Amino acid sequence: FLSLIPPPTYNKVHESSISCHHLATEFPSEDILLVTASPVIKAVTNFKQVSKTLEEFDVEEQPSTMLEKRYPNIKVIESGVKQLKSQEHKIFTEDGKQCIYEKLCLCAGAKPKLIFEENPYVLGIRDTDSAQAFQNHLAKAERIAVVGNGGIALELVYEIEGCEVLWAIKDKAIGNTFFDAGAAEFLIPKLTAEKLETAIACKRTKYTTEGCEKEEGSVAAADKLGTALGPDWHEGLHLKGTKEFSHKVHIETLCEIKKIYLQQEFKQLQKTSLSFPKDSSDNQNLWPVYMELTNGKIYGCDFIVSATGVVPNVKPFLDGNNFTLGEDGGLKVDKHMHSSVADIYAAGDICTASWEPSPVWQQMRLWTQARQMGWYAAKCMVADFLGESIDMDFSFELFAHVTKFFNYKVVLLGKYNAQGLDLDHELMLRCTKGQEYVKVVMQNGRMMGAVLIGETDLEETFENLILNQMDLSAYGEDLLNPNVDIEDYFD
Ligand SMILES: Cc1cc2nc3c(=O)[nH]c(=O)nc-3n(C[C@H](O)[C@H](O)[C@H](O)COP(=O)(O)OP(=O)(O)OC[C@H]3O[C@@H](n4cnc5c(N)ncnc54)[C@H](O)[C@@H]3O)c2cc1C
Ligand SMILES: NC(=O)C1=CN([C@@H]2O[C@H](COP(=O)(O)OP(=O)(O)OC[C@H]3O[C@@H](n4cnc5c(N)ncnc54)[C@H](O)[C@@H]3O)[C@@H](O)[C@H]2O)C=CC1
């Protein structure tokens, strides 16, 4: 980046179209190289700043040529990076190219952390290809198992129709990464209700369909890593099994998968499996795969979805380079998104934020944060190059995420689950069945976090209250009293 060496030795920034936009604008006469293993780039469209820190947007797949057309100084190399030699400031791509960089930003995302990685009947969902493969296998399935209790599992169990779903979670209540047992209780009825909402028109039309049949016989997706899916990822998919019913979900709580048996092994061991709970019509006695849970129960199914989190995709960059890694395996970055290796920055799922965070911010591997980090990393690279100082971006002052679960709008602010807070914190709740669930986390009279489910219209007010740390003790429970117009007090 910003070198005077002529092509074919380019200046470059690896990945992240978001950082590229900014760099290309700041340095129109310099070459910016985007090296990506994916044939498409993800573009943020319909961006809406909902409040100071809350953002809403769609994610659209576009051909990389779009980026090159818009910014003539961006060149896209469509090939995976297989090696980094940081001392020589060089990267090597799978198709045999080598490029010298002056500054490099690594944005290679994360990979699904699968349980039983080598098992052909255990499937992960990360990119368009793996989502498409999942859809194809679901179309032939009568029963699947979903393991995990985070974002993907929550979305899947709600979206899947015409297929029995056995959902195995480690926790007492559903959705533990995003909310508490109270919110789970509020959402559960939606799982058993018929889906009345009509499907929203597909916003994600550019799914790669080529090669979908390549995994016949087993369900594991190819190792090739595409770009992670983003908000509304399932809207372009037809998540339907072979049966005619809507939802049929059975939740096994407080358990993990102990062992997986393929059909042959299961028969030889003469084990017995349970039928789908509360289903008298369940008469299938042989399944392609069986899972034995730590609570002793065994169920058969067509395949298992492992929605069990991600691991940062650092492998191609580690060999011979002295990166410091975080506990979660990501590249540690400082408050300027700089890694521990000279001239290398990192942003998004691949990195581990290692600065002293604001008391109401935490890292989560989300699109919202990847976008903010990519943007800020580019600003830091520019500042570094120009020798200017730069302040931490405002978006890192407060954790703010808006998403949709079970067709409810869900807003998460600050320490929404009291993460890392001392035991002296208190919770305040307001809940109207089927309509809204509002929870705030208070400490020493100050608001530290909030979960807002439904159209509560409280996000902006609560965001302000968390940011300004006003002492709210005087308001007591009126803070959540629906008859008190809280916005008038504080806006
Ligand atoms: C199913 C699903 C649904 C999600 N839904 C939401 C949501 O609703 N809201 C939300 O906020 N977040 C959501 N997320 C999380 C979000 O998608 C990620 O946090 C975000 O995409 C991370 O962005 P990134 O740029 O760091 O990584 P990615 O988007 O994964 O991009 C990494 C890029 O690096 C490329 N790459 C990888 N290795 C190499 C290499 N060696 N050489 C060259 N290129 C390489 C890949 O091809 C890819 O293009 C979801 C994730 C999944 C899997
Ligand atoms: N709407 C949104 O904001 C969405 C966000 N995402 C993001 O995409 C990424 C991937 O999603 P997920 O895989 O759902 O990750 P996640 O981090 O959201 O959830 C992982 C879940 O798996 C559980 N788990 C981990 N190891 C396990 C094991 N061995 N056995 C059983 N359970 C285990 C964890 O307790 C946790 O409940 C995450 O970064 C997530 O935040 C995904 C979908 C929707």
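**View 1. Surroundings of R126 in the predicted model.** In this predicted model, the side chain of R126 reaches the backbone oxygen of A110 at 3.1 Å. The side chain of R126 also makes a polar contact with the side chain of D349, at 2.9 Å, and D349 is itself listed among the residues closest to ligand 1. R126 lies in a loop, namely the one between β10 (122-123) and α3 (128-138). Because its relative accessible area is 12%, which is under the 20% limit used here, R126 counts as buried.

**View 2. Polar atoms of the protein beside ligand 1.** A nitrogen atom of ligand 1 is 2.7 Å from a polar backbone atom of V81, a residue that also belongs to the closest neighbours of the ligand. An oxygen atom of ligand 1, in turn, is 3.3 Å from a polar backbone atom of L366. Taken on its own, ligand 1 has 1,000 Å² of accessible area, and the protein covers 92% of that area.

**View 3. The shell around ligand 1.** Ligand 1 is surrounded by 33 residues, of which V81, T227, L229, D349 and W367 are the closest. Sorted by class, this shell holds 16 nonpolar residues, 13 polar residues and four charged residues. The elements that give two or more residues to the shell are β1 (32-36) and α8 (367-386), and α8 gives the most, with three residues. Domain 1 (12-110 + 310-394) and domain 2 (114-306) each supply at least three residues to the shell.

**View 4. The nonpolar cores.** The largest nonpolar core has 92 residues, and within this core the residues that touch the most other members are L106, F134, I144, F406 and I453. The largest share of this core, seven residues, comes from α8, the helix that also gives the most residues to the shell around ligand 1. Another core lies apart from the largest one and has 25 residues, including A418, M447, I466 and L479.

Technical notes: Residues numbered from 1 in each chain as written. Chains lettered and ligands numbered in written order. Predicted model: local features only at pLDDT ≥ 70, side-chain atom pairs only at ≥ 80, totals over all residues. Heavy atoms only, no water. Near = heavy atom within 4 Å. Polar contact = N/O pair within 3.5 Å; in protein donor to acceptor, adjacent residues only side chain to side chain. Areas by Shrake-Rupley, 256 points an atom, 1.4 Å probe, with all protein chains shown as cover. Helix = DSSP H or I, 4+ residues; strand = E, 2+ residues; numbered from the N terminus. Nonpolar A, V, L, I, M, F, W, Y, C, P; charged D, E, K, R; others polar. Domains from an automatic or database assignment. Buried < 20%, exposed > 50% of the residue type's maximum accessible area, 1.4 Å probe, protein only. Core = buried A, V, L, I, M, F, W, Y, C linked by side-chain atoms within 4.5 Å.
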